[in-house]
Structure formats: C-alpha cells, structure tokens
Amino acid sequence: MRKRDQVYRRITRMLAVVLVPVAGLVAPGRARHTACQWALAARFPADNLGGLLGPARAAFEAARTEALWRDGELIGLTSGYRDPLEQARLFQRAVAREGSVAAASRHVLPPYASRHVAGTALDVRPTEGARWLERHGGRHGLYRTYDNEWWHFEYRPDGRPVRLPHPGLSGRAGPHARTTPCTVPQG
C-alpha cells in the first residue's frame, strides 16, 4: 500500500470519529453509519450511489461502514448504476475496439445483460478495499463475480454465485443477467 493511501485511510477514519457526535444528532441510533458515509463522501467525492436498488445500496453502505470501523479500510465506488443508453455506448465502443461482440463481451455486456443497468452491480476501489469486500462482503450479500475483474461485485442476497472467468461466459440474457465495467477503476 502506498504511503499516500495510508494517510487517506487515517484521515478518513479520524474524520468519521470527529463526525460521530454530529451524526448522532442528525441520525440517532445510526451515528457511526452516518459519520462513516459522510467521511467516505469527503474521501471519494465522485462516488454516486444513486440508481442502485435500495437493498444493494444499503448492503454496500453497511459493508463500507463495517470496513472502516472494524478494519480501517476504505471502499469507494467507481461505478454503480448505469442507464441503458450509457451501457449501450460502452458496449458499442468495446465491440469497435475488440472487433467482435464475443471479444467485447469478455469485458463489457450489452444493456439487457447488465447488472449495472439493473442497479445491483458495483465497481469498487482501491484494490485493498476490493480485497476486504471479497473476504467479508458475503455478510452483506456482495460477491465478486468474475475472475478477470477484481473490482466488480454484485448484490446477491440469495447467496454466492458461481464465479466465472469473465462476463462473456455468463450464458444468461435479460435484465437479471450479469454485467461488467468498462474500465479498470482508478485508486
């Protein structure tokens, strides 16, 4: 872990601790959760949890709260919900770049197959946060679903899905099929 990342971890946790009393006034009974979300919003200001299904968002917030308070680990969101048009553009660019639908599907899926479009897929950062989520995310119904994407997790309250080598092997279609991000998240 880079020294800069260690500093960010310490500062974010200290900020959460300082914010607990104020959060207790704003959200009685949920002060630590609320303070954590505020501190993470300061650390990862570009995170957008909007569009995630309510249970998926709640699971992600609970996991990142646990990660910060229990282990001092930060988990940011690079990409969550994507509207169908955005996913279609990502897929078309991948097809143009890769030369075929099959090759593109190893990295990006069309909108009808995307769990990002369904609001239940999350691309996280940094790598340490993804490692934490891989070890502990199951308590919250969050699972890594592809071997080739360390950053991609899906909300699966029904239990751990079979992990596939890449998204194109999902063999599923429709709104509940698996999805994938278009780029590797930046830390």
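**Exercise 1. Decide whether Ala103 is buried, partly exposed or exposed, and locate this residue in the chain.**

Step 1: The relative accessible area of Ala103 is 22%, and the classes are set as follows: buried means under 20% relative accessible area, exposed means over 50%, and partly exposed lies in between, with a 1.4 Å probe and protein chains only. Ala103 therefore counts as partly exposed.

Step 2: Ala103 belongs to helix α5, residues 101-104, where helices (H or I, at least four residues) and strands (E, at least two) are DSSP runs numbered from the N terminus.

Step 3: From Ala103 to Pro161 there are 58 residues in sequence and 23 Å in space, taken C-alpha to C-alpha.

A note on the model: it is predicted, so local features need pLDDT of at least 70 and side-chain atom pairs count only at pLDDT 80 or more, while totals for chains, interfaces and linings use all residues. Residues are numbered from 1 along each chain as its sequence is written, and side-chain values use heavy atoms, with hydrogens and water left out.

**Exercise 2. Examine the salt bridge between Glu61 and Arg57, and state where both residues lie.**

Step 1: A salt bridge is a side-chain nitrogen of Lys or Arg within 4 Å of a carboxyl oxygen of Asp or Glu, and a search of the whole structure finds 16 of them. For Glu61 and Arg57 the distance from N to O is 3.2 Å.

Step 2: Both residues sit in helix α3 (residues 54-71), four residues apart, which is about one turn of the helix.

Step 3: Glu61, with a relative accessible area of 15%, is buried, whereas Arg57, with 34%, is partly exposed.

**Exercise 3. Explain which parts of the chain are tied together by Asp123 and Arg82.**

Step 1: The side chains of Asp123 and Arg82 form a salt bridge with 3.1 Å from N to O.

Step 2: Asp123 lies in strand β2 (residues 121-125) and Arg82 in the loop between β1 (76-79) and α4 (84-98), so the pair ties together parts that are 41 residues apart in sequence.

Step 3: Asp123 is buried with a relative accessible area of 1%, and Arg82 is buried as well, at 3%.

**Exercise 4. Find out which residues Glu128 touches, and which side chain of opposite charge is nearest.**

Step 1: Glu128 is placed in helix α7, residues 127-136.

Step 2: Although Glu128 is buried, this residue has no salt bridge, and the nearest side chain of opposite charge is that of Arg131, 4.2 Å away; here Lys and Arg count as positive and Asp and Glu as negative, while His and the chain ends are not counted.

Step 3: Leaving aside residues up to four places away in sequence, Glu128 touches Met1 and Glu73, contact meaning heavy atoms within 4.5 Å.
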